[in-house]
Amino acid sequence: NGSYPQNANFEGLLGMTFVSVGLATPQDPVTQGEPPQRKTERAMFNLACGVNAMRNKLGTGHGRPWPTQITDTEARAAIQFMGTIAEWLLHAHARKSGH
């Protein structure tokens with residue numbers, strides 16, 4: 001929307017992003033007969049929050065000077081997960097904006 005709360009945390013900003021493009025978050029109640037994509041969207045939201053927490057607490061988030069506690073496999077998976085989530089978000093944005 002062109003602006004966001006400057007003091008919002010990752011989860012809050014991600015939630016705003018998901019809502020703005022019409023994706024489900026864990027806050028959205030499950031409805032009977034909803035498409036399976038909605039369950040996937042909720043899971044991707046949780047996965048993104050988990051990857052962010054792992055990066056910030058154990059990894060190199062915010063330029064921490066100490067050695068990471070994340071293995072190369074975990075780091076590679078985190079990058080791939082976030083890339084997939086970003087692609088899903090971009091697709092939802094394009095679909096919503098008619099592009």
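What you are looking at is a predicted model, where local features need pLDDT of at least 70 and side-chain atom pairs count only at pLDDT 80 or more, while totals for chains, interfaces and linings use all residues. Residues are numbered from 1 along each chain as its sequence is written, and side-chain values use heavy atoms, with hydrogens and water left out.

**The overall picture**

- The secondary structure comes to three helices and zero strands (helices are DSSP runs of H or I with at least four residues, strands are runs of E with at least two, and both are numbered from the N terminus).
- Start at the N terminus and the elements run α-α-α.
- Taken along the principal axes, the box filled by the C-alpha atoms is roughly 45 × 30 × 25 Å.
- Of the 99 residues in the chain, 24% are buried (buried means under 20% relative accessible area, exposed means over 50%, and partly exposed is in between, with a 1.4 Å probe and protein chains only).
- Take the contacts with a separation of 6 or more: residues 24 or more positions apart account for 49% of them (contact means heavy atoms within 4.5 Å).

**Helix α1 against helix α2**

- Helix α1 covers residues 10-20 and helix α2 covers residues 36-58; the two pack at an angle of about 155°, with their axes 10 Å apart (axes are lines fitted to C-alpha atoms, for helices over the stretch in contact, and angles run from 0 to 180 degrees between N-to-C directions).
- That angle makes α1 roughly antiparallel to α2 (over 145 degrees counts as roughly antiparallel, under 35 as roughly parallel, 65 to 115 as roughly perpendicular and the rest as oblique).
- The crossing of α1 past α2 is right-handed (a crossing is right-handed if the near helix is turned clockwise from the far one by less than a right angle, and left-handed if anticlockwise).
- On the α1 side you'll find F10, E11, L14, G15 and F18, and they meet E41, M44, F45, A48, C49 and N52 of α2.
- Sorted by class, this contact of α1 with α2 has seven nonpolar, two polar and two charged residues (Ala, Val, Leu, Ile, Met, Phe, Trp, Tyr, Cys and Pro count as nonpolar, Asp, Glu, Lys and Arg as charged, and the others, Gly among them, as polar).

**Helix α2 against helix α3**

- Here the packing angle is about 135°, and the axes of α2 and α3 are 10 Å apart.
- That puts α2 oblique to α3.
- α2 passes α3 in a left-handed crossing.
- From α2 come Q37, T40, E41, M44, L47, A48, V51 and M54, which meet E74, A78, F81, M82, I85 and W88 in α3.
- Ten nonpolar, two polar and two charged residues make up the contact of α2 with α3.

**Helix α1 against helix α3**

- α1 and α3 pack at about 35°, with axes 9 Å apart.
- F10, T17, F18 and S20 of α1 make this contact with M82, I85, L89 and K96 of α3.
- The class tally for α1 with α3 is five nonpolar, two polar and one charged.

**Residues to click on in the helices**

- S20 sits in helix α1 and counts as partly exposed, because its relative accessibility is 31%.
- Although S20 and A92 are 72 residues apart along the chain, their C-alpha atoms are separated by 9.5 Å.
- D72 belongs to helix α3, which spans residues 72-97, and with 61% relative accessibility D72 counts as exposed.
- D72 and V19 are 53 residues apart along the chain, and their C-alpha atoms are separated by 32 Å.

**Residues to click on in the loop**

- T25 lies in the loop between α1 and α2, and T25 is buried because its relative accessibility is 6%.
- Leaving aside neighbours within four places in sequence, T25 touches G15, F18, V19, R42 and F45.
- G33 is also in the loop between α1 and α2, but G33 is exposed, at a relative accessible area of 75%.
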